[in-house]
Amino acid sequence: MEDENRRQFHPTKPIRCIVKLGGAAITWKNDFERISENLEIVSQQLRQAMTVSTSCGKVLGMDWSKRPGFEETSCVVDGFNFQPDLDSSHFIVVHGAGSFGHFQASKSGVHKGGLNQPLVKAGFVATRISVTSLNLEIVRALAREGVPSIGMSPFACGWLTCEKNLQIASADVSMVAKAIDSGFVPVLHGDAVLDTSQGCTILSGDVIIRHLAEQLKPEFVVFLHAQRIVHCDTDSIFSESSTLLKWMLQDVDGFPKVHEDGKWSVVKPTFENLNKQVEFTVAAHDTTGGMVTKISEAAMIAKLGIDVYIVKVATSHSLRALSGELKDNIPEDWLGTVIRFQR
């Protein structure tokens, strides 16, 4: 299986960025299947980050289906020959489920396996209906901004896990690579997938990003998160309900350091209880590990030599991260977290 994965088709064009849209960043996580207004802003920022030309032409949408609340479709074909060029082939988007999918998976126990049980099988179907419907809405939002996005579900692409998220047994990235070479933006998502050891489970978007980073080697990865830490005057990766390291803040001189074994520590600023046990809180309906998984996967990506930027969604700071402004130098006025591997 591993040899088969190594022979996969890889894109001829370099990947600039893999973007993770946190579920809570694009949905109201405690409001069942409700999309946040942040999605529209994220879509606009992604278009800006991809735009090559400095001209400000009219954005021509690519969603030509009928939208709820609109009497007609929005289909303007004559102006596409004059559209500004996009670096669309340099981006991949992966999103979490937020208020989509987690409820169905949690109530039915899909993440624990057991497809021979009628409730689990029904929950598997219900979970996939929910997460793929969110994926469609994200693809449509990007398409309305002129981003040539293509939804790609891990289940449909043959992704399999072994022992839940601990190991990916099979993950064909060849279609992702071919889509990139064809000028599309693949949009993947956390999904209900088959598992070789327990029948089925939930594959986290954070795990998907780590595998894509291993295979496709992007220049950098951007995690867009929803919440602002309330303990200090900055944006960080942690929610106000978390007791985790309010000191883990990006400043121009320091950042978390990822070690050879994949573990991480705060380089700067330092504090007395640096080795204190870190605590996380995870929502009861979250079946993918929440912030624990996010930090673990981000550290593993950084270990590959790929910078990871974690920043609050729909802000000027997220646009700067998406645009690649942080690659060579972290501006003093940028608020967010950088996770970087240091030998």
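The legends below go with a set of close-up views of this predicted model.

The model is a prediction, with local features needing pLDDT of at least 70 and side-chain atom pairs counting only at pLDDT 80 or more, while totals for chains, interfaces and linings use all residues. Residues are numbered from 1 along each chain as its sequence is written, and side-chain values use heavy atoms, with hydrogens and water left out.

**View A. Strands 7 and 8 make an antiparallel pair.** Strand 7 covers residues 191–195, and it pairs with strand 8 over five bridges. Strands here are DSSP runs of E with at least two residues, helices are runs of H or I with at least four, and both are numbered from the N terminus. Two strands count as paired if DSSP finds at least two bridges between them. To get your bearings, look for L194, which sits opposite C200 in strand 8. Three residues make up the hairpin that takes strand 7 into strand 8. Strand 8 itself (residues 199–203) has four of its five residues buried, so the rest of the structure largely encloses it. Buried means under 20% relative accessible area, exposed means over 50%, and partly exposed is in between (1.4 Å probe, protein chains only).

**View B. K20 and D206 meet in a salt bridge.** The N to O distance for this pair is 2.7 Å. A salt bridge here is a side-chain nitrogen of Lys or Arg within 4 Å of a carboxyl oxygen of Asp or Glu. The whole structure has twelve of them.

View C. R210 is buried at 12% relative accessible area, whereas E214 is partly exposed at 27%.

**View D. E325 and R320 are joined by a salt bridge.** Here the N to O distance is 3.0 Å. E325 is partly exposed, with 40% relative accessibility, while R320 is buried at 17%. Elsewhere, D63, R140 and R144 belong to one network of salt bridges that share partners.

**View E. F32 and F103 are one of the aromatic pairs, of which the structure holds four.** Rings of Phe, Tyr and Trp (its six-membered ring) pair if their centres lie within 6.5 Å; planes under 30 degrees apart are stacked, over 60 edge-to-face, and the rest tilted. With centres 5.4 Å apart and planes at 70°, the F32 and F103 rings are edge-to-face. F32 is in the loop between helix 2 (23–26) and helix 3 (38–50), and F103 is in helix 4 (residues 102–108), which puts them 71 residues apart. F32 is partly exposed at 48% relative accessibility, and F103 is partly exposed at 42%.

**View F. Y309 and W334 pair edge-to-face.** The ring centres lie 6.4 Å apart, with the planes at 70°. Y309 lies in strand 12 (residues 307–312) and W334 in the loop between helix 9 (316–322) and strand 13 (337–341), so the pair ties together parts 25 residues apart in sequence. Y309 is buried at 1% relative accessibility, and W334 is buried at 2%. Look for F220 too: with Y309 and W334, F220 forms one aromatic cluster.
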